[in-house]
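Hi,

Here is the structure I promised to pass on.

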Amino acid sequence: MTKPTPRNTHQAKKRFGQNFLVDGNIINRIIRAINPQAGEHLVEIGPGLGALTNHLVDKNCQLDVVEIDRDLAQKLEAQYKDSPRFKLHLIDALKADFGALASTDQPLRIIGNLPYNISTPLLFRLLTFKSCISDMHFMLQKEVVDRLASPEGRKTYGRLSVMVQYHCHVEPLFVVPPSAFNPAPKVESAIVRLRPRSRTTTVTDPGFFAQLVNACFQQRRKTLRNGLKLVLKELPADCLQNIDLGRRPETFSVEEFIDLANQLSAFR
Ligand code: SAM
């Protein structure tokens, strides 16, 4: 049975990006998209007042929640004190060791209506734990979901698109209007599903790949040649097969970035 949501006597804190979900239809839609099954190991980032947690806690799953706000943590502890498989971690999600949570042989399913101010660094951090994650469902600013899912050649395509698509299948699910939250944010939000993937061609030097993608998109209006100068002391003449350095970085697919990084890693 779903537990009643406590009366919202909490004053939302801007510094923690607190916009609480209050639209029951949207909450149900998110839970249906996640479709939690008994025996799974769920991790919710930023449970807040429990809008999603309420629907996850009784699914016979292991449920770890990571919350930074001490006041909310106290409320959550009290609210779920009778749920034996609920565990609260009062910690900054940007510092949480998700690998340590996945100590059992069950991969993690990560969920969160993420605070917008930390969503990009948090996504990058979570990618470092991808080997112990089966999927992730996040509410993000719609503009961020557009960037995550963008194909090459669009204005929305950039470092975030390449890095996340390298590691994950990205599936935008649906848009959520500001009216679904209290307080209402200024912009639209969207739900996205990320599933860690394995690729047939992988990068030989992940650190260099990340540096290269970052450098190329620092000057996205310039040619790839300009971007490469930021990561290579000298551009090796004639070393690159099938790669036109006169193209703009935003026209390169993820596969082409992988190829580029692998061809160049010997020359760094
Ligand atoms: N899940 C709730 C909901 O949907 O109504 C709350 C979502 S609210 C947008 C973001 C939540 O993340 C808040 O509870 C906030 O305190 C928490 N939070 C913010 N920064 C955090 C961080 N660095 N680590 C963990 N939790 C954080």
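This is a predicted model: local features need pLDDT of at least 70, side-chain atom pairs count only at pLDDT 80 or more; totals for chains, interfaces and linings use all residues.

Let's begin with helix H3, residues 70-79. Which of its residues are buried? They are Leu72, Ala73 and Leu76. Looking down the axis of H3, you'll see these buried residues fall within an arc of 100°, so they line one face of the helix. A handy bit of background: an α-helix has 3.6 residues a turn, so residues three or four places apart point the same way. Arg70 and Gln74, on the other side of H3, are exposed. The cover over the buried residues includes strands E1 (20-21), E3 (62-67) and E4 (86-90). At the start of H3, Asp69 has a side-chain oxygen within 2.9 Å of the backbone nitrogen of Asp71.

Now for the salt bridges: the count is 10. Here are some to find on screen:

- Asp146 with Lys142, at 2.9 Å from N to O. Both sit in helix H6 (residues 142-149), 4 residues apart, about one turn of the helix.
- Glu171 with Arg193, where the closest N and O atoms are 3.1 Å apart. Glu171 is in strand E7 and Arg193 in strand E9, so the pair ties together parts that are 22 residues apart in sequence. Glu171 is partly exposed (31%), whereas Arg193 is buried (17%).
- Arg220 with Glu250, at 3.3 Å from N to O. Each lies in a loop, and the pair ties together parts that are 30 residues apart in sequence.

One last thing to look for: salt bridges with shared partners join Lys13, Asp69 and Asp71 into one network.

Cheers

Definitions and conventions: Residues are numbered from 1 along each chain as its sequence is written. Side-chain values use heavy atoms; hydrogens and water are left out. Buried means under 20% relative accessible area, exposed over 50%, partly exposed in between (1.4 Å probe, protein chains only). Helices (H or I, at least four residues) and strands (E, at least two) are DSSP runs, numbered from the N terminus. The arc is that of the directions from the helix axis to the C-beta atoms. Contact means heavy atoms within 4.5 Å. A polar contact is a pair of N or O atoms within 3.5 Å; within protein, one must be able to donate a hydrogen and the other to accept it, and residues adjacent in sequence count only if both atoms are side-chain atoms. A salt bridge is a side-chain nitrogen of Lys or Arg within 4 Å of a carboxyl oxygen of Asp or Glu.
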